[in-house]
Amino acid sequence: MTVAGSLREDGAPGTAASATHGVGHGADGGNAATSGALDIAGGAAMVDLHHQGQATIIGVGVLELPEGGVALVDPGPEARLDDLRAGLAGLGRTLNDVRAILLTHIHLDHATAAGAIVREAPGAIVYVHAVGAPHMADPSRLLASAGRIYGDAMATLWGEFLPVPRRSIRVVDEGDTVAPGGRRFEVAYVPGHAKHHVAYCEAATGTAWVGDVGGIRIRGGPAIPVTPPPDIDVELWKASMDRVMAWDPERVVATHFGPYGDIEAHFGELAGELDAWALRVRESLDDDAFASDRNRATAFAEWVTARIGRKVSPAHTDLYGTASGFFDSWWGLARYWRKRGAA
Ligand SMILES: [Zn+2]
């Protein structure tokens with residue numbers, strides 16, 4: 001229990017942050033207000049993909065480009081491409097207008113639509129970290145492992161993961177700057193949730209697009225982590241939170257869901273929840289009363305549900321469950337501990 005004890009007491013050693021990006025021009029994105037898209041300052045909006053028929057679970061960033069067209073941040077699952085089309089139409093755009101896709105990471109709920117979009121907009125450039133780039137060009141291995149997890153639900157949840165042509169891929173990493181269509185974004189490498197995770201910050205607008213490094217926070221509820229296998233690393237994630245906060249952004253935009261301006265409170269709560277989840281999983285691994293890991297994961301999911309349920313309504317808690325998958329999160333943190341010698 002020394003490990004768990006040190007976790008509880010010194011959130012400090014690895015305290016970190018993640019990244020973001022922003023958009024830098026334009027007025028208030030006036031058309032967003034009437035389109036159904038969520039307006040974000042500085043010529044940006046967020047289109048709701050209505051994942052599993054529910055609002056505010058997965059959002060796609062849409063950035064108006066001064067040189068014409070739009071850039072997308074994390075286009076989401078291919079299964080929701082029609083929702084993306086509808087959202088773009090509300091902004092007076094089509095998939096054909098896409099000039100760039102900024103991927104924060106390649107998890108299926110963020111990235112599977114990229115190949116299909118490039119098929120419709122062949123000039124679009126896809127920005128992605130080096131660890132994720134090979135899987136965007138050839139998703140077969142990723143799909144094989146995801147298939148073992150999702151089975152028959154693969155197509156319904158994520159759709160068809162088409163490869164992105166290698167000529168359309170640009171690898172990005174810590175310290176890079178990308179400037180699609182006349183907007184400028186700094187790139188930070190922000191592992192911890194995934195080892196292929198980057199964040200994009202636009203200094204001109206003060207907006208940081210942080211993918212899942214900012215955790216999940218829906219409709220102003222609590223900020224919580226999402227910790228699926230296989231890359232979860234608590235210390236790296238907290239360091240990535242610090243990395244994002246080092247940008248001193250005015251707002252961070254989480255894929256699940258939307259912009260938040262209370263940066264310190266947001267990441268403070270997220271880091272605290274990450275520690276609490278990690279401790280809970282560690283304790284379950286040490287507890288021989290559980291007959292199996294499935295039982296541990298089920299009990300963990302119930303614990304998280306109750307924990308969130310103390311803060312928001314049951315329906316609101318359900319949205320968090322849809323966005324996160326608490327059962328899966330146990331396995332990610334269990335893997336983290338076992339790499340460090342846990343039972
Ligand atoms: Zn993710």
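Modeller: Two residues count as in contact if their C-beta atoms, placed from the backbone, lie within 7 Å. Of the contacts in the protein chain with a separation of 6 or more, 72% are between residues 24 or more positions apart. The model is predicted: local features need pLDDT of at least 70, side-chain atom pairs count only at pLDDT 80 or more, and totals for chains, interfaces and linings use all residues. Residues are numbered from 1 along each chain as its sequence is written.

The protein chain has 13 helices and 13 strands, taken as DSSP runs (H or I, at least four residues, for helices; E, at least two, for strands) numbered from the N terminus.

Helix α9 (residues 234-246) and helix α10 (residues 263-286) have axes that come within 11 Å and cross at roughly 180°; axes are lines fitted to C-alpha atoms, for helices over the stretch in contact, with angles from 0 to 180 degrees between N-to-C directions. α9 is therefore roughly antiparallel to α10 (under 35 degrees is roughly parallel, over 145 roughly antiparallel, 65 to 115 roughly perpendicular, the rest oblique). Val 234, Trp 237, Lys 238, Met 241 and Met 245 of α9 make the contact with Ile 263, Phe 267, Leu 270, Ala 271, Leu 274 and Ala 278 of α10. By class, this contact of α9 with α10 has 10 nonpolar, no polar and 1 charged residues (Ala, Val, Leu, Ile, Met, Phe, Trp, Tyr, Cys and Pro count as nonpolar, Asp, Glu, Lys and Arg as charged, and the others, Gly among them, as polar).
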